[in-house]
Amino acid sequence: MKKTMAEQIKEAREGLNPVGYCGHHCDFCGFKNRCGGCRSSLNRCSYATLYPDNQCPNVKCANEKGLTGCYECEELKDCKKGYYEKENNNEFTAKATALFIKEYGEECYTQILKKAKKEGIRYTGDFDESGSVENALELLKEIKEGKAVQINQEDQTYEVYHVVRRYKDRIVEVPDIEDFTVDTSFLNDISLEDLYSGFCDFQQIIEDIHTDLMNSPDEYALSCIREEHLAPTDPFSETESKALKSYERYGFVFKAFAILGERSSDSLVIDCDEISKYKISKLNIILKHLNEYGFIFTGVSDEFSIPKKGEFMLSYPDNINVLYFIKAFESVNEKNLDKVFLRADWRVLKHSDIKLFEYDMSDMIRGLNDFDKVVIMECTKILTDAGYQSIVTETGGYQINYSHKKDKKGFIYFKRQRDSLQCRLKLEEQPQSYLVISSEDELNSLLSLIKSRVKN
């Protein structure tokens, strides 16, 4: 059986030093699951691909001098080769980290990056944005000494980090292949093994998108929203909503690919008129980022803008089955298909008719705190015992829509507001009820209310 990209990368990196020649650390890089690193046979470093044999000037020079890395070189401080070129996109992180390793060693460097991640400091984002190699090096030393300042929680970038970290917990894990069961109607012209291969690599892409959104929210998220929608004086809730919208755009694009893409050999052909109807803001920026994850777009401009008329093509050379996996969702009757893609939720392919698909509730809410989980599970249990089925949607909170075999309907909307859980309940033709839940007594009142309405 063919190996997935993740398996190939894992094998390529086995036993190798994760610190690159230039100073970048593969274990903390956003490309770690798509690149084996410059010391491996699967070097896909985005900078290395600009040079013959995938060897950047830093790797070539270090090998010629017999050095483990640039941080062993006596000429490092004044070096302007490769990553250290002054014009290299304000790339201050690599040289700063090499200088840090030269002074403190690789082990200390690794521990500092672990500490930085724990404190919410982005690698490489906050280092590159420091303004210079000297400032980036100083930030590393401040982290070492415990003097670094955490990200301002009122900042737009923190909101993206906060939102994406919460949603990343909902990505569906990769099952063993024997547990990967789908309805045969989704296996048109593709074997179960190939669909599984496509899912595994797609799930890794989704993991990588979340990681990049958290580490570089300015570049991967906020850049996808029109400037006039980014007023820094917005209230906390509005700021969070905009952060969520920037994140959701990736799901909308995959949804459009699934519904509009026409299979042609090893590509999906997409009609420009049709995808424009989705009105995805700054689509070209999303396509540019997807290109970094291995998707190839033919028929778009150098800035990834689509033509006003005609078609463009989407391919994924590393594993064509990724496209087949995306396309499998074409017939999925799911209102929130964009969110299904952002969870890499292959489970919706288990049934041919999932109009009332029952999500595994405990899995869906695993990112919530324990109290909120208890509230949602207890409410759902009462309604399930009464013959209702549930469908979870996410709209800034959790809305659980319930339907009964006798065509009874209702919903409960949950939203966390600091120290309490706000609940909005409506069952049948009865009026809506609004409750604030922050204690066991208040939970019991909510459960009693639901029981009384079910009986009616």
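A polar contact is a pair of N or O atoms within 3.5 Å; within protein, one must be able to donate a hydrogen and the other to accept it, and residues adjacent in sequence count only if both atoms are side-chain atoms. In the predicted model described here, such a contact, of 3.0 Å, joins the side chains of Asp201 and Asn319. Asp201 is found in helix H8. Although Asp201 is buried, it has no salt bridge, and Arg44, the nearest side chain of opposite charge, is 7.9 Å away. When neighbours within four places in sequence are left aside, the contacts of Asp201 are with Thr4, Met5, Ala6, Asn319 and Val322.

The protein contains 17 helices and nine strands, and buried residues make up 52% of its 456 residues. Of the contacts between residues at least 6 apart in sequence, 61% join residues at least 24 apart.

In soluble globular proteins, nonpolar side chains tend to be buried together. In this model, the largest nonpolar core has 65 residues, and those with the most contacts inside it are Phe254, Phe257, Leu290, Phe295, Phe297, Phe329 and Leu349. Helix H8, spanning residues 192–215, gives the most to this core, with 10 residues. A second, separate core of 37 residues includes Cys70, Tyr71, Cys79 and Ala96. Phe329 is in contact with Ala258, Leu337, Val340, Phe341, Asp345, Trp346, Val348 and Leu349, leaving aside its neighbours within four places in sequence.

Trp346 and Leu349 are also touched by Val182, as are Leu187, Leu192, Leu195 and Lys350, not counting residues up to four places away in sequence. Val182 lies in the loop between helix H7 (156–168) and H8, and is buried, with a relative accessible area of 13%. Val182 and Lys350 are 168 residues apart along the chain, yet their C-alpha atoms are separated by 4.1 Å. In helix H2 (residues 57–65), the buried residues include Asn58, Val59, Cys61 and Ala62. Gly66, which follows H2, has a positive phi, near 70°.

Side chains of opposite charge can pair when their charged atoms come close. The structure holds 14 salt bridges. One of these is formed by Glu74 with Lys102, with the closest N and O atoms 3.9 Å apart. This pair links distant parts of the chain, 28 residues apart, with Glu74 in the loop between H2 and helix H3 (93–104) and Lys102 in helix H3. Glu74 is exposed, at a relative accessible area of 70%, whereas Lys102 is partly exposed, at 36%. A salt bridge also joins Lys144 and Glu145, with the closest N and O atoms 3.5 Å apart; Lys144 is partly exposed, with a relative accessible area of 31%. In the salt bridge between Glu330 and Lys327, the closest N and O atoms are 3.5 Å apart. Glu330 is partly exposed, with a relative accessible area of 42%, while Lys327 is buried, at 8%. Salt bridges that share partners join Glu248, Asp338 and Lys339 into one network.

A search of the whole structure finds zero disulfides. The sulfur of Cys45 is too far from the closest cysteine sulfur, that of Cys35, for a bond, because the two are 5.9 Å apart. Cys272 is buried, with a relative accessible area of 1%.

How values were computed
Residues are numbered from 1 along each chain as its sequence is written. This is a predicted model: local features need pLDDT of at least 70, side-chain atom pairs count only at pLDDT 80 or more; totals for chains, interfaces and linings use all residues. Side-chain values use heavy atoms; hydrogens and water are left out. A disulfide is a pair of cysteine sulfur atoms within 2.5 Å. Buried means under 20% relative accessible area, exposed over 50%, partly exposed in between (1.4 Å probe, protein chains only). A nonpolar core is a set of buried Ala, Val, Leu, Ile, Met, Phe, Trp, Tyr and Cys residues joined through side-chain atoms within 4.5 Å. Helices (H or I, at least four residues) and strands (E, at least two) are DSSP runs, numbered from the N terminus. Contact means heavy atoms within 4.5 Å. Lys and Arg count as positive and Asp and Glu as negative; His and the chain ends are not counted. A salt bridge is a side-chain nitrogen of Lys or Arg within 4 Å of a carboxyl oxygen of Asp or Glu.
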